[in-house]
Amino acid sequence: MNNFGYLIMDVAKELRYQLNVALEKEGITSAQWAVIAQLELSKDPLTSAQVAGIVGMDRATASGIVKRLAAKELVAVQASSQDRRARVLTLTAKGEETFKRCEQIANAQMSEFAIPLEQQEQATLVSLLIKLEEGHHVG
């Protein structure tokens, strides 16, 4: 099928599947990786609701992922000093180490996934995706 939207979703689905397989050795899913990465990359502490918005999950899904990450001692959850109802998330030392290992796995997986494209095609694709992202105020 040559429908643009379908192709984007189909490629994203395959990429997510391959990333899940690659991250299995760390006991992490791609959704958990997305949360860990946002916590590591954010300059400020984030709440579950903020993480959900950034990674495009509903709050219930993000909350479940945070609970699983906390059970693995990768994320610390503390009450916000500004809002008692909010919970602030931070990576633990173990979470930071997991981030580093998973980042290497994810980078290797992305390189492997892009093998069918020549370097110039990869650069063009990234440029076009950024243009779409910015044009739709995504990310």
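**Close-up 1. Ser80 and its contacts.** Leaving aside neighbours within four places in sequence, Ser80 is in contact (heavy atoms within 4.5 Å) with Ala86 and Val88. The model is predicted: local features need pLDDT of at least 70, side-chain atom pairs count only at pLDDT 80 or more, and totals for chains, interfaces and linings use all residues. Residues are numbered from 1 along each chain as its sequence is written, and side-chain values use heavy atoms, with hydrogens and water left out. Ser80 sits in the loop between β2 (75-79) and β3 (87-91). Strands (E, at least two residues) and helices (H or I, at least four) are DSSP runs, numbered from the N terminus. Is Ser80 buried or exposed? Ser80 has a relative accessible area of 12%, so this residue is buried; buried means under 20%, exposed over 50%, partly exposed in between (1.4 Å probe, protein chains only). A polar atom of the Ser80 side chain lies 3.1 Å from the backbone nitrogen of Gln82.

**Close-up 2. Helix α4 and its ends.** α4 covers residues 59-71. Its 13 residues should span 18 Å at 1.5 Å a residue, and the end C-alpha atoms are 18 Å apart, which agrees. The expected span is 1.5 Å times one less than the number of residues. Asp58 caps the N-terminal end of α4, with a side-chain oxygen 3.1 Å from the backbone nitrogen of Ala60. After α4 comes Glu73, whose phi is positive, near 60 degrees. Buried residues in α4 are Ala62, Gly64, Ile65, Val66 and Leu69. Their cover includes α2, α3, β2 and β3.

Close-up 3. α1 runs over residues 4-23. For its 20 residues, 1.5 Å a residue predicts 28 Å; the end C-alpha atoms are 28 Å apart, which agrees. Which residues of α1 are buried? They are Leu19, Ala22 and Leu23. These cover an arc of only 85 degrees around the axis, which puts them on the same side of α1. The arc is that of the directions from the helix axis to the C-beta atoms. The buried residues of α1 pack against α2 (30-41) and α5 (93-113). Turned away from that buried side is a face with the exposed residues Met9, Lys13 and Tyr17. At the N-terminal end, Asn3 caps α1: a side-chain oxygen lies 3.0 Å from the backbone nitrogen of Gly5.

**Close-up 4. Helix α2.** The 12 residues of α2 should span 16 Å at 1.5 Å a residue, and the end C-alpha atoms are 16 Å apart, which agrees. Buried here are Ser30, Gln32, Trp33, Val35, Ile36, Ala37 and Leu39.

**Close-up 5. The largest pocket.** Its volume is about 1,800 Å³. Of its 36 lining residues, Ala12, Leu15, Met110, Leu129 and Glu133 are the closest to the centre. Elements giving two or more residues to the lining are α1, α2, α3 (48-55), α5 and α6 (119-135). α6 gives the most, with 8 residues. A pocket is an open set of points on a 1 Å grid over the protein atoms alone, where a 1.4 Å probe fits, with protein on both sides within 12 Å along at least five of seven lines; lining residues have an atom within 4 Å of a point. Grid points are joined across faces, edges and corners, and a volume is the space filled by probe spheres set on the points.

Conventions. Polar contact = N/O pair within 3.5 Å; in protein donor to acceptor, adjacent residues only side chain to side chain.
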